[in-house]
Amino acid sequence: MANVSNIYSVSQITDYIKSILTTDTLLNDINVTGEISNYSVSKSGHIYFTLKDSNTQIPCVMFKGKINKGLSFDPANGDKVTVKGSVDVYKEGGRYQLYADKIERSGVGELFRKFGELKVKLEEMGMFDRSHKKPLPRYVSTLGVVTAPGGAAVRDIIKTVRRHAPGVQIILYPTLVQGKDAAEGIAQGIQALQYTEAQVIIVGRGGGSIEDLWAFNEMPVIQAVFNSEIPIISGVGHETDTTLCDLVADCIASTPTAAAEIAVSGTEQLDKSIREMNAKLDSLMKACVREYGIRLKEDMSRLDLPWERTLQRYKDHVRDDRPRMLLSWEKLVSVYKNRTGNDLTRIGMPWQMNLRRYRERVNKDNLRLSNQSPERKVRDYENRLAHLYDRAEALINARIEKEKGRCRMDHASLKALSPAERLSQGYSFTEDENGVPLKSVGDVKKGMAVRTYLKGGHITSEVMEVTEDE
Amino acid sequence: MSEEAKKEMEEKSIDELLSEAEARISALEGGRLSLEAAFKAYQEGMNLLKASSEKIDMVEKKVQQLNSQGELSPFDEPDTEGDDGQ
């Protein structure tokens, strides 16, 4: 039977073991390398796996809270990894395990170190200097592409170019982008494209781990990119991945798709601005034509207006003049009537004819006027009208004068016919006592008293003898 | 457009063509052109844009494949309806 004082509970011994393990400085911060097996993620989000080598294994756990900072890849069974963490006891399970703070693929640390060294070296050589960066051409008609022929990168690039600038000719140099021959292949592609029409070259591949992307950190690629006469856009990996190829290239794109967009954006923009300018030219020309149309219409209406006004004035003139002419005509007629009572139609006829002719003339002129062009014609016609008017006035006045003359003449001959006038020429007029005119010798008897009128007065005498003509 | 004018345009860069077209547009925008000059500017502008457009030529091109000997051959395109991967 054992000594009672030497007996411990399970908890006691477990606590004791735990205290030994946790106070050991080596076990508290240790890097363990091995292969992942039994990998699983619990519902609560913690990661469990077993790290093993050929003979042994150790259970590992990475708590959810550590994953974000400590795990940058998706682990799988069989992955060779280095786990950084501490060894502790899992009391409930009665076993010790490795509590992981960080899980890295084996060999990655070495690559990062190399990357860092190379970066510094190239930077010192000035290979990343802005002064070596060639500007991308605004307009690209041929685009060189160096990538894997079957990868997503080539699909994305073709798709993007087709969408934005389908007219851009793509020349693909198919090459491996991963593995030991990749760097040489990529470098050859860049060199081969120098002799083509390509104005820009995209070097790229899809995302991956640092080992996957490693070819883009190797000297052959870096040198080929640096020496390229043609501007190079590096579109390697996803947004967060940076390679030395990116740094030495003329332009960095976060993905192959972005690289393609950058390469053809100018071409797309040009196409757009051509279309915009086209539309602008069209609308400007239309506006111009419209404006001239408006001006033309305005000019025409401005032309029409004075013309119509003149025509109206002319018409008014004619209308106003007619009563005036008729008035003077009526005046003349009344004078004539008063003086002589002579035949009116004889005088009226030619005047009416004149008036008709005048009217016809006016109508004819009116027609000719409206057939012809404005301003000067209007003035001409106004002159002619004034002239006509003057002529008409002169004619009528002359007529009036003439008629007046005739009136005077008629008056004189009328006067000559009056009996009193005859008397002055030696003729006389005889009547009986009762004033009955004696028209023939038969009216007179011997011894009859008669009154004879002579110029200056009359005489009364007695008939002494009556002798009849034989 | 005459043959010489056409040839002259072909020799110009797309930027030259576009800036000349822009000049015609600015002249039209100025609104000081006579109708004849406006028509001329329009005609020339359109020809310039046509020439630029021909240079860009948005007709879809087949992808060519280049080998290390510098020889070109048609590239058998993979299905472009995929999404990101390797």
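The structure is a predicted model, in which local features need pLDDT of at least 70 and side-chain atom pairs count only at pLDDT 80 or more, while totals for chains, interfaces and linings use all residues. Residues are numbered from 1 along each chain as its sequence is written, and chains are lettered from A and ligands numbered from 1 in the order in which they are written.

In chain B, helix H2 (residues 14–30) packs with helix H3 (residues 35–56) at an angle of about 155 degrees, the axes being 9 Å apart. Helices (H or I, at least four residues) and strands (E, at least two) are DSSP runs, numbered from the N terminus. Axes are lines fitted to C-alpha atoms, for helices over the stretch in contact, with angles from 0 to 180 degrees between N-to-C directions. H2(B) and H3(B) are therefore roughly antiparallel, a term for angles over 145 degrees. Residues of H2(B), including Leu17(B) and Ala21(B), meet residues of H3(B), among them Leu48(B) and Ser52(B); contact requires C-beta atoms, placed from the backbone, within 7 Å.

The contact between the chains takes 38 residues from chain B and 40 residues from chain A. On the side of chain B that touches chain A, H2, H3 and strand S1 (64–66) of chain B each give two or more residues. H3(B) gives the most, with 9 residues.

Strand S7 (residues 169–174) of chain A pairs with S1(B) in the parallel sense over 2 bridges, pairing being defined by at least two DSSP bridges between strands. Leu172(A) stands opposite Gln65(B) in S1(B).

How values were computed:
Angles under 35 degrees count as roughly parallel, over 145 as roughly antiparallel, 65 to 115 as roughly perpendicular and the rest as oblique. Two residues are in contact if their C-beta atoms, placed from the backbone, lie within 7 Å.
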